[in-house]
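Colleague: Hi! Could you walk me through this one while I have it open?

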There are 4 protein chains.
Amino acid sequence: MSDKIRVTVWGENVHEQKNETVRKVYPEGMHACIAKGLAEDQELKVRTATLQEPEHGLTKAVLDETDVLTWWGHTAHKQVEDAVVDRIQERVLGGMGLIVLHSGHFSKIFKRLMGTSCALKWREAGERERLWVCNPGHAIARGLGECFELPQTEMYGEPFGIPNPDEVVLVSWFEGGEVFRSGCCWRRGAGQVFYFRPGHETYPIYYDQNVKLVLKNAVKWARPEGAWAEPLKAPNVPTEQAREKIVAKGPSLHKPGQQGFR
Amino acid sequence: MSDKIRVTVWGENVHEQKNETVRKVYPEGMHACIAKGLAEDQELKVRTATLQEPEHGLTKAVLDETDVLTWWGHTAHKQVEDAVVDRIQERVLGGMGLIVLHSGHFSKIFKRLMGTSCALKWREAGERERLWVCNPGHAIARGLGECFELPQTEMYGEPFGIPNPDEVVLVSWFEGGEVFRSGCCWRRGAGQVFYFRPGHETYPIYYDQNVKLVLKNAVKWARPEGAWAEPLKAPNVPTEQAREKIVAKGPSLHKPGQQGFR
Amino acid sequence: MSDKIRVTVWGENVHEQKNETVRKVYPEGMHACIAKGLAEDQELKVRTATLQEPEHGLTKAVLDETDVLTWWGHTAHKQVEDAVVDRIQERVLGGMGLIVLHSGHFSKIFKRLMGTSCALKWREAGERERLWVCNPGHAIARGLGECFELPQTEMYGEPFGIPNPDEVVLVSWFEGGEVFRSGCCWRRGAGQVFYFRPGHETYPIYYDQNVKLVLKNAVKWARPEGAWAEPLKAPNVPTEQAREKIVAKGPSLHKPGQQGFR
Amino acid sequence: MSDKIRVTVWGENVHEQKNETVRKVYPEGMHACIAKGLAEDQELKVRTATLQEPEHGLTKAVLDETDVLTWWGHTAHKQVEDAVVDRIQERVLGGMGLIVLHSGHFSKIFKRLMGTSCALKWREAGERERLWVCNPGHAIARGLGECFELPQTEMYGEPFGIPNPDEVVLVSWFEGGEVFRSGCCWRRGAGQVFYFRPGHETYPIYYDQNVKLVLKNAVKWARPEGAWAEPLKAPNVPTEQAREKIVAKGPSLHKPGQQGFR
């Protein structure tokens with residue numbers, strides 16, 4: 001591990017280019033705003049990557065040098081190449097942290113890691129959201145009060161199609177009457193995964209001080225604390241290398257030295 | 001729910017056709033043997049399906065009439081069509097139980113639902129395995145003693161690349177010195193998933209009384225206790241239908257009635 | 001297991017006797033109302049027990065014949081004898097289901113089984129509560145719509161001092177701006193535990209159709225599906241009874257046949 | 001948080017005084033040996049406390065200055081005062097890490113935090129144990145190989161009466177044929193809890209390099225990453241301080257300003 005936590009902020013960067021409303025809020029792109037917020041913290045070393053770059057900016061070299069990846073996407077989930085998703089998944093299993101933001105709930109990488117629908121209810125009415133802290137002692141809640149508010153947000157409502165989280169850090173209350181598990185933690189292999197709900201592109205969510213604080217905290221929480229080398233490997237243990245002496249008995253399917261089936 | 005639990009036993013049915021050793025152990029195919037074991041229980045109504053059938057025998061109609069699906073595959077995981085995997089996943093999220101057997105740890109459907117590598121160590125030496133019950137009061141352990149033995153098995157060893165199970169019902173001890181979480185439970189959407197380790201095709205594992213008992217118990221445990229209709233849907237809630245009266249404020253990305261992005 | 005699920009509804013039965021407001025809402029006691037609601041279901045066989053009875057009505061004989069115990073208490077938690085709490089805990093670990101209601105979050109038995117503070121925020125303002133279903137396919141949500149409302153409730157707010165639930169079935173939205181994990185599942189030993197938030201004694205909560213439905217569903221979900229006999233036992237396995245032949249080596253602390261320390 | 005992680009190593013210190021075999025292995029007491037092993041790590045600042053000291057050496061002041069507490073006890077669990085157990089529990093909920101060692105599975109504090117029997121099988125035959133790493137990327141497994149061996153240990157066997165762990169880091173294989181979940185993680189409130197199986201007092205377990213490494217790793221993993229101030233508090237939120245404007249309706253049980261019942 002490096003001295004600083006190396007963060008790569010990934011952004012889809014589509015609506016910022018096409019939609020006047022979004023461009024006004026995020027003239028340099030949402031990824032740039034998110035990166036800037038994180039870079040306020042001296043412990044973090046932040047870079048960005050976008051859909052439009054070769055390999056979406058997430059080459060093997062970039063991922064190998066990334067401790068935590070943040071992911072914002074919305075309209076172009078399907079344009080993300082499967083090979084890149086495979087690569088991200090392998091890095092998460094190997095120890096890289098992943099922070100999935102807002103509409104990223106339907107990204108290929110989040111659905112891949114969860115194995116569920118990741119579906120939810122939604123409404124775009126610019127209503128008020130209040131996020132309550134469920135565990136004030138959790139690393140991701142550090143420095144927050146008992147709750148914080150966003151004056152205008154898109155609503156996401158339960159049921160949220162996710163596996164039961166290892167910890168629910170934040171639950172949202174919406175003006176229109178819904179609730180949502182807005183800050184959820186999972187471990188996948190050696191990697192920590194955090195989903196954080198706020199972030200609709202027509203509101204200045206990523207300029208909010210509490211949102212920025214949650215993101216900084218989440219990156220630190222998700223930093224690797226170890227590594228699972230070659231997490232996809234399924235090694236054969238030859239009989240003569242068994243920890244206890246055994247003698248092979250009975251019929252075999254595999255020839256000595258043959259790889260397992262996948 | 002029907003009176004009887006409707007079980008579909010899926011078998012890859014490849015080695016039984018090609019490999020003399022396997023054919024001798026399972027002359028009618030492994031799926032037939034597994035189905036026969038389950039059918040001993042009067043509460044279960046059992047059918048089979050195999051890779052070679054159209055749509056692998058798992059049409060929408062078959063899955064809609066299936067309460068619990070059991071899955072054995074090994075050498076032909078890649079031949080399972082993605083469209084069928086999608087369909088199974090949707091049914092699991094909707095409430096169908098899934099029992100994944102032995103080398104099925106590398107099946108597309110199990111990897112899909114887990115989101116992890118599902119990798120493990122292995123050795124084919126016909127060694128002794130002893131499966132210990134970790135929760136004697138669990139539905140899947142009903143009728144078992146404190147442990148049971150299989151005289152000849154393929155070894156699977158930790159680390160097993162899975163998300164933390166909701167419950168570990170069985171842990172294996174191997175003659176050669178390894179251990180393995182051999183009976184693991186997860187919930188995905190409305191569906192219960194159970195992974196059960198034993199089942200190598202060159203040994204008569206599925207004739208074993210304790211193995212048969214675990215399978216019967218697991219099917220009953222995994223039966224649907226409810227249903228999540230259309231689990232993939234992500235419905236918009238129009239502002240005027242919000243549970244609390246709200247007035248839409250600020251800019252919008254979506255036009256009224258527009259679907260969300262996926 | 002008996003044909004019918006045997007439910008014991010436990011009630012503290014104090015405010016009903018002392019407080020005019022509560023007596024008007026529940027003239028026969030809250031336990032009687034809860035029992036009546038459950039007894040509408042033909043699959044359930046319901047009895048009651050109260051604080052004032054000898055051993056609080058929860059003798060060993062009663063608990064042995066109880067499949068699921070429901071618990072409502074508020075002002076007299078400290079009057080529940082520790083010996084009875086011990087007995088309930090042992091029965092839960094052995095397989096009995098436990099449904100803890102509303103202010104029962106501070107009962108001895110719930111705090112005992114959780115190991116945490118079980119604390120929460122609260123406000124008694126008769127405000128509106130809306131309970132959202134987080135998993136429409138869960139057994140406890142069967143027959144509910146996407147949400148249901150209670151016109152007047154006491155508010156309970158996060159943070160709720162509990163271990164991460166195995167599943168969160170319901171999350172509440174409150175008129176005053178808070179949220180709460182209102183329907184939570186855990187397993188302790190062989191027993192299923194469900195916490196259900198609504199139930200303040202000055203409002204007619206237990207007459208509500210949706211509340212009654214949740215309670216019926218919860219009792220069925222929590223019914224024993226197996227048993228862990230003598231869950232507190234920590235048996236010694238003599239060397240000569242080891243599953244694999246071993247020879248005792250080195251110094252010992254215990255003499256042959258001696259019990260372990262507790 | 002201080003610069004160094006402040007560890008308090010608690011030891012029962014009874015067998016070391018009374019039993020010749022144990023004294024030979026741990027002439028200065030087991031706590032001294034454990035503390036010495038931890039102190040090899042420059043990031044840790046280590047002190048000890050024992051049963052015989054006033055308040056068992058765990059005054060409020062000591063606990064307030066403790067980031068992580070390790071606990072070894074065996075024959076004198078009952079002599080630990082409940083008031084001290086209360087205090088430790090509150091500190092764990094508030095954020096202090098807790099590492100429970102070997103026979104500490106039956107300590108008051110571990111049973112308190114788990115809520116279950118914490119029972120297990122056991123045999124004192126000096127047999128061989130091999131601990132397998134289930135997640136090579138977990139912070140607690142850092143620097144370990146795929147497994148490590150202890151030539152002589154007391155056996156602990158499943159079923160282990162614990163709530164399902166958040167993560168199982170180590171599973172043991174025993175020469176005599178049993179298995180055990182030997183390294184288990186839970187969160188309770190803001191505190192991380194780790195149970196680590198090895199440590200019988202008649203064998204030199206705590207001199208073992210791998211055991212020492214696990215303990216160092218576990219302490220770092222369990223260090224507070226935040227704090228839950230006053231975790232036992234259940235604050236009333238007065239109607240006029242509700243986040244959304246509400247008007248109190250209907251009858252009340254509590255008078256304004258009255259505390260909730262416990």
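Colleague: How much area is buried between chain C and chain B?

Modeller: About 2100 Å², with carbon and sulfur atoms giving 43% of that. Keep in mind that this is a predicted model. In terms of contacts, 27 residues of chain C touch 27 residues of chain B.

Colleague: Which three residues supply more of the area that chain C buries against chain B than any other three?

Modeller: E225(C), R243(C) and E244(C), which supply 29% of what chain C buries there.

Colleague: And how many salt bridges are there across the interface of chain C and chain B?

Modeller: The rule finds 10 of them. One pairs the side chains of E225(B) and R223(C), at 3.4 Å from N to O. There are also 14 residue pairs in polar contact across the interface of chain C and chain B, both residues being at pLDDT 80 or more.

Colleague: Which elements give two or more residues to the side of chain C that touches chain B?

Modeller: Those are β5 (121-133), β6 (147-157) and β7 (167-174) of chain C. The largest share, 3 residues, comes from β5(C). Sorted by class, the side of chain C that touches chain B has 11 nonpolar, 5 polar and 11 charged residues.

Colleague: Now the other partner. How many residues of chain C are in contact with chain D?

Modeller: 71 residues of chain C are in contact with 71 residues of chain D. The buried area between these two chains is about 5400 Å², and carbon and sulfur atoms give 59% of it. W122(C), L253(C) and R262(C) supply 14% of the area that chain C buries against chain D, more than any other three residues.

Colleague: What is the salt bridge count between chain C and chain D?

Modeller: It is 2. E175(C) forms a salt bridge with K249(D), where the closest N and O atoms are 3.5 Å apart. For polar contacts, the rule finds 29 residue pairs across the interface of chain C and chain D, both residues at pLDDT 80 or more.

Colleague: Which element gives the largest share of the side of chain C that touches chain D?

Modeller: β5(C), with 8 residues. By class, the side of chain C that touches chain D has 29 nonpolar, 26 polar and 16 charged residues.

Colleague: Is R130(B) buried or exposed?

Modeller: R130(B) counts as buried, because its relative accessibility is 0%. E149(B) is partly exposed, at 33% relative accessible area.

Colleague: What about a pair in chain C, say K220(C) and D41(C)?

Modeller: Their side chains meet in a salt bridge at 2.6 Å, N to O. K220(C) is in helix α7 (residues 209-222), while D41(C) is in the loop between α3 (30-39) and β2 (44-50), and they are 179 residues apart. K220(C) is partly exposed at 22%, whereas D41(C) is buried at 13%.

Colleague: Back to arginines. Where is R130(D)?

Modeller: R130(D) is in strand β5 (residues 121-133) of chain D. With 0% relative accessibility, R130(D) counts as buried. Its side chain reaches the backbone oxygen of G177(B) at 3.0 Å. Beyond its sequence neighbours within four places, R130(D) is in contact with residues including R243(A), E244(A), C147(D) and W173(D).

Colleague: Last one: how many residues are in helix α5 of chain A?

Modeller: There are 13, covering residues 82-94. The helix reaches 18 Å from its first C-alpha to its last, close to the 18 Å expected. Its buried residues include V84(A), V85(A), I88(A) and V92(A).

Colleague: What covers the buried residues of α5(A)?

Modeller: The cover includes α4 (60-64), β3 (68-72), β4 (97-101), α6 (108-114), β8 (179-188) and β9 (191-196) of chain A. After α5(A) comes G95(A), which has a positive phi, near 140°.

Conventions
Residues are numbered from 1 along each chain as its sequence is written. Chains are lettered from A and ligands numbered from 1 in the order in which they are written. This is a predicted model: local features need pLDDT of at least 70, side-chain atom pairs count only at pLDDT 80 or more; totals for chains, interfaces and linings use all residues. Side-chain values use heavy atoms; hydrogens and water are left out. Helices (H or I, at least four residues) and strands (E, at least two) are DSSP runs, numbered from the N terminus. The expected span of a helix is 1.5 Å times one less than its number of residues. Buried means under 20% relative accessible area, exposed over 50%, partly exposed in between (1.4 Å probe, protein chains only). Contact means heavy atoms within 4.5 Å. A polar contact is a pair of N or O atoms within 3.5 Å; within protein, one must be able to donate a hydrogen and the other to accept it, and residues adjacent in sequence count only if both atoms are side-chain atoms. Buried area is the accessible area (1.4 Å probe) that two parts lose on being put together, summed over both. A salt bridge is a side-chain nitrogen of Lys or Arg within 4 Å of a carboxyl oxygen of Asp or Glu. Ala, Val, Leu, Ile, Met, Phe, Trp, Tyr, Cys and Pro count as nonpolar, Asp, Glu, Lys and Arg as charged, and the others, Gly among them, as polar.
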